[in-house]
Amino acid sequence: MSSLTQHLRSGKQVLQQLEPVSVLTPRVTRVLGGNPGPFTLTGTNTYLVGTGSKRILFDTGDGLPVFVEHLRAAFDRTGCTGLECIVVSHWHHDHLGGVASVQEFLGNEVPVFKFIPASLEETFGGEGARAPYDMWPKEKFTHLEDGAVLKVEGATLRFHFTPGHANDHMVAMLEEEGAMLSADNVLGTGTGVFRDLTQYLDSLQKMHDLKPSRLYPGHGPVVEDAVARISAYVEHRTARVRQVEAAFSPPAAEEEESDPTSTTASTSASVSASEVLSLTEITRRVYPADLDPKLFRPAMANTANVLRHLATVGVVAQLGDEEWKLIKAPAQL
Ligand SMILES: [Zn+2]
């Protein structure tokens, strides 16, 4: 079991608890969105950045009333009395959903920055179940371009366009600390879902090359071994690609070491490399048999993404909506 899946004991998530408000450094205070769940771990992390009375809020949670209470407590703890602006890392509702209620709490409207993509993506994976501009009107966003810088007393944030998890995803380097706000590209626990594997791997490489000292992720605890964690994500995804390839031709000669009551298909059958497999079957072969059923759908979404990536490089072909076939030896990748 890799270090990235150690929190999945017996297929269930075991999560480190986080305080609603944590002053992490003089420049960074973490404020929880109050929306824990299978996709959001301990809920969404938002970050109040800066040292003065007006700061930058990075992400806004899901729009639950409890988040505004947490934010009020964070203001009291840090001497912050207002916001210079809000930045939204990407359009998913657990990051964007709180913009309106934060503005209401402030009593005055502050600028809202986000990368504005040319077109919207369809919703996916349980995360993007609400249209972004229903949560905050498009005309009220200010476009944040790749490389843009926002400054506030005590903090300079430089933004980097890092799509893959979502088509508008950005991370930010906090220059005074050399630290990165990694949003949903790299989480504090486990791995995340992504939309486009090729883009996602490119974005992880970009993040790696920025050599952050630590990560402030969109979900879960602070990551101190930032560069190693990003590398582990790349290795994990690459390993997943190999596993999906291998799902088409499980080694028939391997000894069964699982318990005799196991009924998983991958331990019992010798399968020809030219078989046609459904997305569900491939996902079953790739993920542990005791995976929490709630995590099966995101696992299928990840598997589908790997298959699309493999189709792009000519290793598999899609036959029907959900059927896939190996067309080239994976070794030729
Ligand atoms: Zn997300």
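This is a predicted model: local features need pLDDT of at least 70, side-chain atom pairs count only at pLDDT 80 or more; totals for chains, interfaces and linings use all residues.
Colleague: Is T46 buried or exposed?

Modeller: T46 counts as buried, since its relative accessibility is 0%.

Colleague: And which residues is T46 in contact with, leaving aside its neighbours within four places in sequence?

Modeller: With those neighbours set aside, T46 is in contact with T29, R30, V31, L57, F58, D59, T60, G61 and F67. There's also a C-alpha distance for T46: G33 is 13 residues apart from it in sequence and 6.8 Å apart in space.

Colleague: D59 is on that list. Where does D59 lie?

Modeller: D59 is in the loop between β6 (54-58) and α1. D59 is buried too, with a relative accessible area of 0%.

Colleague: What does D59 touch, not counting residues up to four places away in sequence?

Modeller: That would be N45, T46, V87, V88, S89 and H95. As for C-alpha atoms, those of D59 and G218 are separated by 8.3 Å, while the two residues are 159 residues apart along the chain.

Colleague: What's phi of D59 near?

Modeller: Phi of D59 is near 75 degrees, a positive value in a residue other than glycine. K211 has a positive phi as well, near 45 degrees, and K211 isn't glycine either.

Colleague: Is K211 buried or exposed?

Modeller: K211 counts as exposed, at 61% relative accessibility. You'll find K211 in the loop between α5 and β14 (215-217).

Colleague: Let's zoom out. How many helices and strands does the protein chain come to?

Modeller: The chain has eight helices and 17 strands. It has 333 residues, of which 53% count as buried. Taking contacts between residues at least 6 apart in sequence, 66% join residues at least 24 apart.

Colleague: Now helices. At roughly what angle do α1 and α3 cross?

Modeller: Helix α1 (residues 65-78) and helix α3 (residues 99-106) cross at roughly 45 degrees, and their axes come within 10 Å. The two helices are therefore oblique to each other. The crossing of α1 past α3 is right-handed.

Colleague: Which residues make that contact between α1 and α3?

Modeller: From α1, the contact uses F67, V68, L71, R72 and F75, and from α3, S101, V102, F105 and L106. By class, the residues of this contact divide into seven nonpolar, one polar and one charged.

Colleague: What about α6 and α7, at what angle do they pack?

Modeller: Helix α6 (residues 226-247) packs with helix α7 (residues 279-286) at about 120 degrees, and the axes are 9 Å apart. That makes α6 oblique to α7. Here, too, the crossing is right-handed.

Colleague: Which residues of α6 and α7 meet?

Modeller: On the α6 side there are R240, Q243, V244 and A247, and they meet I282, R285 and V286 in α7. The classes in that contact are four nonpolar, one polar and two charged residues.

Colleague: Why is α7 largely enclosed by the rest of the structure?

Modeller: Because six of the eight residues of α7 are buried. The buried residues are L279, E281, I282, T283, R285 and V286.

Colleague: What covers the buried residues of α7?

Modeller: The cover includes α6, β15 (276-278), α8 and β17.

Colleague: Switching to the cores: which residues touch the most other members in the largest nonpolar core?

Modeller: F248, I282, L307 and V316 do, out of the 37 residues in that core. Two or more residues come from each of β12 (170-174), α5 (197-209), α6, α7, α8 (296-312) and β17 (323-326).

Colleague: What does the second, separate core include?

Modeller: The second core has 25 residues, including L48, A74, C80 and Y133.

Note on methods: Residues are numbered from 1 along each chain as its sequence is written. Side-chain values use heavy atoms; hydrogens and water are left out. Axes are lines fitted to C-alpha atoms, for helices over the stretch in contact, and angles run from 0 to 180 degrees between N-to-C directions. Helices (H or I, at least four residues) and strands (E, at least two) are DSSP runs, numbered from the N terminus. Angles under 35 degrees count as roughly parallel, over 145 as roughly antiparallel, 65 to 115 as roughly perpendicular and the rest as oblique. A crossing is left-handed if the near helix is turned anticlockwise from the far one by less than a right angle, and right-handed if clockwise. Contact means heavy atoms within 4.5 Å. Ala, Val, Leu, Ile, Met, Phe, Trp, Tyr, Cys and Pro count as nonpolar, Asp, Glu, Lys and Arg as charged, and the others, Gly among them, as polar. A nonpolar core is a set of buried Ala, Val, Leu, Ile, Met, Phe, Trp, Tyr and Cys residues joined through side-chain atoms within 4.5 Å. Buried means under 20% relative accessible area, exposed over 50%, partly exposed in between (1.4 Å probe, protein chains only).
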